[in-house]
Amino acid sequence: MSAASEKIRVLTGITTTGTPHLGNYVGAIKPAIEASQDPGVQSYYFLADLHALIKCQDPRRVQESRLEIAATWMALGLDTDNAIFYRQSDIPEIPELTWMLTCVCAKGLMNRAHAYKAAVAENEAAGNQDPDKGITMGLFGYPVLMAADILMFNANRVPVGRDQIQHIEMARDMAGRFNHLYKGQYFTLPEAVVDQKVEVLGGLDGRKMSKSYNNTIPLFVSEKKLQKLVRKIKTNSLEPGEPKDPDTCTLFQIYSAFATAEETAAMREEYAGGIGWGEAKNRVFEYLNDHLREPRERYQALLEDPGHIEQVLLKGAERARAEAAPLMDRLRQAAGLGRFV
Ligand code: TRP
């Protein structure tokens, strides 16, 4: 057994639609980069670009988002010699495994998937005759592709948001069925890891920071734009001199997601002492800007050198395929698709 296979395998995918924002950083990117530094862990992080096609059929947007997300992770310090960092679409074994799993996955299981049920509910609410109106097989079968992502690398742990727990359970279900049907231990049953500590970051309007609410602060906007966005964060109408409550304040929450414990405690005192909103926003902007300046520069440099990003991802794909291909061979044998001689 190689050293890598004795480590705990942690795997997660990032759907490549949209531009990464502060909420993505705090909720997913930062903990993932930290986890990848643990010597007891082999991490697999990938750009879920086949998933992107479910939601986005604008090729320019898909292409741009893949590059931006790869550059973001690299600029923020992902060690790509350590973590296996790849594009899903560079691993042909994944769609192949998706098909094998599709053939053991009960349709009824997919009927119960939240994303599909939500789309049906929307059609029903809109009074559409066909409850499946506008729903592609991609959306319907999406948990199978996700199961293939996970099972392909025998991941033990899958850090995800709450909304994804059901998909990990479905992956376990498919793994179990396959193992049972073809009488072998082909797949490890993965576990979802939902970090309780990572709270959801608030956005400009105080709701969860999310692209769907259009209230995000992108990670690597220009200094000027960053300042403008921080000034837009919603605060209440208390005047300078009046004590303010940090615990219900989005501005404070964003600050504390980046600042150290001591810095956060100091800001808490400023709130109690009645710091004015204009002043507080300046301080938060300055702080974010100081901390984002270097990664922002690295990010810009990376975007100007897509050839380097391409190379890193191809190397990642090569490492990933070194594991995926032998497993896929075993699976073909198991299913009766092996060579004749
Ligand atoms: N569906 C996940 C999301 O929307 C992204 C994803 C795709 C993923 N494949 C995965 C996450 C495999 C974990 C493991 O967030």
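The model is predicted. The chain is assigned two domains, domain 1 (3–201 + 306–335) and domain 2 (220–300).

**Domains**

- The centres of domain 1 and domain 2, taken over C-alpha atoms, are separated by 34 Å.
- In the contact between the two domains, 12 residues come from domain 1 and 10 residues from domain 2.

**Nonpolar cores**

- In soluble globular proteins, nonpolar side chains tend to be buried together.
- The largest nonpolar core holds 53 residues, and those that touch the most other members are Leu22, Trp73, Phe85, Ile217, Leu251 and Leu288.
- At least two residues of this core come from each of α2 (22–35), β2 (41–48), α4 (59–75), α11 (223–232), α12 (250–258), α13 (261–272), α14 (277–303) and α15 (306–335).
- The element that gives the most to this core is α14, with 9 residues.
- Leaving out residues up to four places away in sequence, Leu288 touches Leu22, Leu226, Val230, Ile254 and Phe258.
- Another core, of 48 residues, lies apart from the largest one, and its members include Leu97, Val120, Phe178 and Phe187.

**The second largest pocket**

- The second largest pocket contains about 270 Å³ of space.
- It is lined by 16 residues, of which Thr102, Met137, Gly141, Tyr142 and Val144 are the closest to its centre.
- Five helices, α3 (49–55), α5 (93–102), α6 (107–111), α8 (137–140) and α9 (142–151), each supply at least two residues of the lining.
- By class, the lining of this pocket consists of 11 nonpolar, 4 polar and 1 charged residues.

**Ser36, between α2 and β2**

- Ser36 is located in the loop that connects α2 and β2.
- Ser36 counts as buried because its relative accessibility is 1%, and the cut-off for buried is under 20%.
- Residues up to four places away in sequence aside, Ser36 touches Ser43, Tyr45, Leu78, Asn82 and Ala83.

**Gly241, between α11 and α12**

- The loop between α11 and α12 contains Gly241.
- Gly241 has a relative accessibility of 54% and therefore counts as exposed, a class that begins over 50%.
- Beyond its neighbours within four places in sequence, Gly241 is in contact with Gly273 and Gly274.
- Gly241 and Ala272 are 31 residues apart in sequence, and their C-alpha atoms are 9.2 Å apart in space.

**Asparagines with positive phi**

- Asn154 has a phi near 45 degrees, a positive value in a residue other than glycine.
- Asn154 is part of the loop between α9 and β4 (157–159).
- With a relative accessibility of 18%, Asn154 counts as buried.
- Asn214 also has a positive phi, near 55 degrees, and is likewise a residue other than glycine.
- Asn214 sits in the loop between β5 (191–193) and α11.
- The relative accessible area of Asn214 is 70%, so this residue is exposed.

Definitions and conventions. Residues are numbered from 1 along each chain as its sequence is written. This is a predicted model: local features need pLDDT of at least 70, side-chain atom pairs count only at pLDDT 80 or more; totals for chains, interfaces and linings use all residues. Side-chain values use heavy atoms; hydrogens and water are left out. A nonpolar core is a set of buried Ala, Val, Leu, Ile, Met, Phe, Trp, Tyr and Cys residues joined through side-chain atoms within 4.5 Å. Buried means under 20% relative accessible area, exposed over 50%, partly exposed in between (1.4 Å probe, protein chains only). Helices (H or I, at least four residues) and strands (E, at least two) are DSSP runs, numbered from the N terminus. Contact means heavy atoms within 4.5 Å. On a 1 Å grid over the protein atoms alone, a cavity is a set of points where a 1.4 Å probe fits but cannot get out, and a pocket is an open set with protein on both sides within 12 Å along at least five of seven lines; lining residues have an atom within 4 Å of a point. Grid points are joined across faces, edges and corners, and a volume is the space filled by probe spheres set on the points. Ala, Val, Leu, Ile, Met, Phe, Trp, Tyr, Cys and Pro count as nonpolar, Asp, Glu, Lys and Arg as charged, and the others, Gly among them, as polar. Domain bounds come from an automatic or database domain assignment.
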